[in-house]
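My entries are below, in the order in which I made them.

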Amino acid sequence: MAVHTQPISQHLQGKRSAWRALASHYRKIREVHLRKFFADDPLRGQRMTAEGVGIYLDYSKNRVTDQTIKLLIQLAAESGLQARIDAMFRGEKINITENRAALHVALRAPRRATVFVDGENVVPRVHAVLDRMTQFCNRVRSGEWKGHTGKRIRNIVNIGIGGAALGPVMAYEALRTYSDRTMAFRFIANIDGSDFVEAVRDLDPSETLFVVCSNSFTTLETMTNAYSARAWLLAGLGDDKSSIAQHFVAVSTNGEEVIKFGIPTVNMFGVLDSVGGRFSIDSAIGLSTMLAIGADKFRAMLDGFHHMDMHFLATPFERNIPVLMGLLTVWYVNLFGVQTIALLPYEQYLSRFPAYLQQLTMESNGKHVTLIGTEVTQSTSPVYWGESGTNGQYSFCQLIHQGTSLVPCDFLAFGKSLNPMGRHHDMLLANAFAQAEALAFGKSAEQVRAEGSPDWLVPHRVCDGNRPSNMILAEQLSPETLGKLVALYEHSVFTQGVIWNINSFDQWGVELGTDLAQRIIPELESAEEPVLEHDSSTNALIRRYRNFRKTT
């Protein structure tokens with residue numbers, strides 16, 4: 001077999017009994033081809049599936065047997081997965097390094113639900129914010145909310161970074177067909193000035209509303225862009241500072257900084273402090289999404305999240321879609337040595353979904369210490385990446401089919417198109433199904449020769465197959481379906497984190513580079529030659545950049 005896989009780490013032999021059983025099982029089946037699995041079990045494609053809340057998972061094209069799934073579920077049980085799920089839904093402080101709960105599931109809980117943290121049911125707070133968001137969005141969308149000059153707001157610009165940017169832009173693109181097409185929506189995240197300039201280039205300040213998303217209202221990138229937006233607005237509206245209140249709203253909990261900026265706190269929408277940015281699209285961070293699609297559709301999205309939450313909480317593991325997907329990831333990462341997973345949505349509106357999931361997966365599980373602070377002894381999060389189909393087929397799929405790395409794939413597809421055009425959707429889905437089939441079964445040397453290829457060309461045309469994939473199907477992309485898909489991956493990531501015994505809800509590594517940047521900024525901008533005490537490379541780069549600044 002051409003694909004290189006790492007042997008299972010020896011440390012697993014001394015771990016939970018399920019790890020030892022999986023290691024032994026892996027050695028028995030690691031060379032078995034998917035062709036044999038399917039030949040030996042004609043009903044495999046119907047059996048190895050799971051379905052719930054409108055989502056269908058076909059995991060039959062994975063390099064697993066029924067025994068594999070049984071052992072993975074045993075591993076989940078030995079890892080205390082159900083207890084950890086229950087603890088999360090109860091509002092316990094499972095984010096131990098920050099002494100916080102992980103309250104994203106409370107963001108989409110119905111009004112009647114209860115999630116207690118420190119003796120308080122947080123659900124009423126969530127719905128109070130949702131109700132305020134609804135009232136505000138209805139005013140803007142109806143034209144009741146006016147800009148400083150009395151004009152209607154027609155342009156919404158979301159300013160954020162991380163989950164406060166990736167979430168809103170992903171959701172907007174995913175649900176664009178449901179959006180108000182009389183309004184324009186732009187998203188600014190990068191501190192690179194080009195991002196700001198291009199976002200506002202053709203906008204009229206008198207018709208533009210900025211949504212500034214920063215829980216602390218001190219985030220370097222977000223507030224740099226927000227103050228640039230403030231200056232741009234004032235320049236276009238005669239430097240009248242009273243205009244800020246009608247053209248800026250804040251998603252934050254820091255009222256003091258919000259007021260200092262010029263935004264009245266009545267136009268401030270809070271987020272629970274126990275919700276990480278990558279889990280926050282269903283909170284006030286989604287304000288621009290609600291402005292785009294309306295409150296009713298936003299709440300439909302929340303319903304989708306909640307339906308998947310309940311599936312994850314209550315469904316037996318052997319039929320639990322997020323659990324199965326999380327366990328399969330563990331299987332490939334820790335047994336096969338897989339380092340990357342491809343996310344391939346066959347839906348153009350989900351073109352930003354892979355980028356969104358990159359943060360969700362890698363910021364959550366890119367960890368090297370356990371819950372008790374010891375070094376992990378196995379690999380944790382793989383690298384996630386992808387592109388919408390069929391674009392990826394003419395970009396990186398060559399590597400997945402014939403390269404030397406094993407890259408499991410998640411295909412996402414929908415039974416109905418949002419824009420039916422002749423045969424387009426039939427051809428799109430045909431490609432999705434064909435890619436999964438080709439990855440699994442490949443093309444043997446005998447098949448290539450039978451097609452008339454000369455012997456010298458045969459090795460070049462052989463595709464070994466045995467490349468695993470999941471196929472995730474839903475009827476149609478809708479706000480509710482999007483909520484289900486995002487929650488599916490949230491809970492899959494959590495499942496992986498429980499197995500690896502890591503904290504999926506902190507992100508200390510993100511802060512290191514930002515802290516160092518705060519030290520370097522004044523060294524770049526200083527009129528006097530600064531005393532540099534970095535490493536020789538960083539010192540030389542700072543000096544070279546300062547020379548560039550002198551010539552501009």
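Predicted model: local features only at pLDDT ≥ 70, side-chain atom pairs only at ≥ 80, totals over all residues.

I looked up the strand order and found an open sheet of five strands, arranged E6-E5-E7-E8-E9 with parallel pairing. Strand E6 (184-188) and strand E9 (268-269) stand at the edges with a single partner strand each, so one side of each is left without a neighbour in the sheet.

Entry on the helices over the sheet. I noted that helix H7 (residues 163-174) packs on the sheet, where H7 touches strand E5 (155-159), E6 and E7, and that its direction makes about 150° with that of E6. Helix H9 (residues 220-236) lies across E5, E6, E7 and E8, and runs at about 160° to E7.

Entry on strand pairs. I found five bridges between E5 and E6, which pair in the parallel sense, and Ile159 stands opposite Ile188 in E6. Together, E5, H7 and E6 make a right-handed β-α-β unit. I then turned to strand E7 (residues 208-213), which four bridges join to the parallel strand E8 (residues 248-251), with Val249 in E8 as the bridge partner of Val211.

Entry on a helix pair. I looked up helix H1 (residues 17-29) and helix H4 (residues 66-78), which pack at an angle of about 160° with their axes 9 Å apart. Because angles over 145 degrees count as roughly antiparallel, H1 and H4 are therefore roughly antiparallel to each other. Their crossing is left-handed. The contact includes Trp19 and Leu22 of H1 and Leu71 and Leu75 of H4, and by class it has eight nonpolar, five polar and one charged residues.

Definitions and conventions. Residues numbered from 1 in each chain as written. Heavy atoms only, no water. Pairing = 2+ DSSP bridges. Helix = DSSP H or I, 4+ residues; strand = E, 2+ residues; numbered from the N terminus. Contact = heavy atoms within 4.5 Å. Axes fitted to C-alpha atoms, helices over the stretch in contact; angles between N-to-C directions. Right-handed = clockwise from strand over helix to strand, strands pointing away. Parallel < 35°, antiparallel > 145°, perpendicular 65-115°, else oblique. Left-handed = near helix turned anticlockwise from the far one by under 90°. Nonpolar A, V, L, I, M, F, W, Y, C, P; charged D, E, K, R; others polar.
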